[in-house]
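Hello,

Here is the structure we talked about. Please open it alongside this message; my notes follow below.

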Amino acid sequence: MAGNFEKKVSEQMDDFKIRPSEAVWQKVEAQLRKDKRRRWFFFILPLAALLLGGMGYGIYKWGKTNGEPSLPVVSSNANNQTTQTPAVKSNELVNENKQQSNNDDTLSTLLIPLSIEKEKKSPAEGESVLVDKKQNGIVLNKQYIGKKNPPAEKQKSNSASLALIPKPDAIDKSKPIPDNSVGTNPVIISAEEKQAKPKEKAAVPNNLNDNKVKAQEKNDSPGLINENTLSKKTKAHKEAEVQADTIPQPKKSTADNAPSKKWKIYLNAGAGISGITGERIMPVNNSTSGSITGGPAPQGFIYPPESRINMGPGFHFGFLLKKPVDQQTKFVTGLNYAYAGTVRTIGNSAADTLQISLLNYRDISYSNSYLANGSDKYKTHYQFIELPLLVEHTVGKKQNWGYYAGIAPSVLIASNALIYDNRRGRYYQSNEVYRNFNLQIKAGMFFNPKQNKQLHWGPQLSYGLLNNFNQSVPKQRLFTLGLQLQWRLNK
Amino acid sequence: MQHRQLIKDCIKGKTAAQKELYDLFAESMLAVCYRYTKSIADAEDVLQDGFVKVFRNLSAYREEGELGAWIRRIMVNTAINFLKKKREYQYDMSFLNEPLHPVSEDNPEIKLRTKELADLIRQLPSGYQTIFNLHAVEGFTHVEIGQMMGINESTSRSQYMRARNLLITWIEKYNSEPKTSSYGG
């Protein structure tokens, strides 16, 4: 203070008080309540969404059922006589020869799709490849495949143990063959499986086996078994199973399984939090990171370090185009608008205009700078247009989740980010110092809730590889972490 | 630390604690804001913004000085920001190069009441008013004032002298004017 005058003024002013109106506190309280709500929305909601998403996925995976469509079983003996057993589930093995399969334990029932079976090497002795035909819902010509040559006599006897269907020649060819006859999954049962004690056998109605034994007793030689000899129950059972059969779903060939090569269009949107990683500009005297300007510091005065940059909201929206490369992999591109926000503390604004020389020897002038010390919050935003170039990979049989990664060249379309000049203790804004082109790394996961192929959602991380500024200091990179939703528009 | 528990409760967001803190300092802070502005409505606006900043940044208070001094600093910064943003103050905030008013007494006796002195200070042009408040009343150095206002130290010094002399002139005039007497009887 200069002297007594200042002291007197100061002492008098210290005792000065004025009572504010009630409205002031009400407005302060309202603003604080608004701040609380905002904090919850921007920070708690994305975390809750991530947690719920993880739980939902975990529950979905845990509740996944095992089960495959039922397939009919048809067998034939080594003499190419076709037999048929009632349709059974593909993962159940027919206990056809329970009573007769005591000795040979080398063979087991194989359930092999026709398409794969057709690719097998030519059958060795005792083995045969099934040629599958289906007529009137009955699968014909399924043959046993065995690892060993079945004993002739046993083979002979075993063939009669199965219910046989008429040979193809005997079938009424005027009746149309169902469309799903081609590519039907055959159930290939080894010829010796009748003799072998099966390792895994599904239960077959006992009456069926009994009836087979009865049929065998009546007909010692292989050949047709007169269906009339079968009990009504067996017949009904057989018919029911054939009807209920899951007339087996034709297994698509490899060619059929190839994904459509059409581009799929998705709308996408995401929200989360953004932040900055990197260095802060320190005071001049012990500066380790230099300054935007190379000018001298004011003598005897050290300005504070650059203030911390706190996280803020981030969001993006746009569209994606996905093109399948193979069954599980897709190439993804598109166009997005992205917004990333941060918050920092600065001082009062200063109205003067100053000239500075940047480190690359360009001169710029800036006005509306902010002082170093203070408690004002400055909300920074970066707005980009991005071109994502990603590879997406789905995982699992049902392909209901996956992950993606790639890059996204981006163009900065607007920003109000501040640069700190530690030699003058000012924050200022200048378009000259922003890097206009950047390269983002993107990675994330996606889930299909309930195999809804139209809607994907999942977490995503985006990180800028290049410095936000085109100067050597400070080196600051932007990242965004949040949740993304994708909605498919076309089939 | 006198208000430690109160500060903790305010940081937690307890409304009752925030109200208590507000009641403790509102009257003296409004007086601070009043000295920087030209109307009580503007002063209350500054007070409202200032207290919102106080509660938002209370976690940053390090107990290195008195809480009142910390709040007062926030109020002053808020007032200066307010003055810069408000259009009607912007002309007055530009600094004038008027010649110094000659004063007969460098340290005159102040016979004004507190409010009268405050009102006299408020009658100064905004630029003078702000610098006078910052240096004479708040005790900031001219270097610090230069930082806060975005001006040079020398500008702050010269503007302060002009403000001081102008105020002293008014005080001397007030001191020399005959007082109205109340007659009794």
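Strand β7 of chain A pairs with strand β12 (residues 376-386) of chain A over 11 bridges, in the antiparallel sense. Helices (H or I, at least four residues) and strands (E, at least two) are DSSP runs, numbered from the N terminus. Two strands pair if DSSP finds at least two bridges between them. In β12(A), A:Glu386 stands opposite A:Asn336.

This is a predicted model: local features need pLDDT of at least 70, side-chain atom pairs count only at pLDDT 80 or more, and totals for chains, interfaces and linings use all residues. Residues are numbered from 1 along each chain as its sequence is written, chains are lettered from A and ligands numbered from 1 in the order in which they are written, and side-chain values use heavy atoms, with hydrogens and water left out.

Strand β6 (residues 309-324) of chain A runs antiparallel to β7(A), joined by 14 bridges. The two form a hairpin with 4 residues between them. A:Met311 has A:Thr342 in β7(A) as its bridge partner. Strand β13 (residues 389-395) of chain A is also antiparallel to β7(A), with 5 bridges. There, A:His393 is the bridge partner of A:Thr329.

Now chain B. B:Thr15 lies in helix α2 (residues 15-36). Leaving out residues up to four places away in sequence, B:Thr15 touches A:Trp25 and A:Glu29. Contact means heavy atoms within 4.5 Å.

Best wishes
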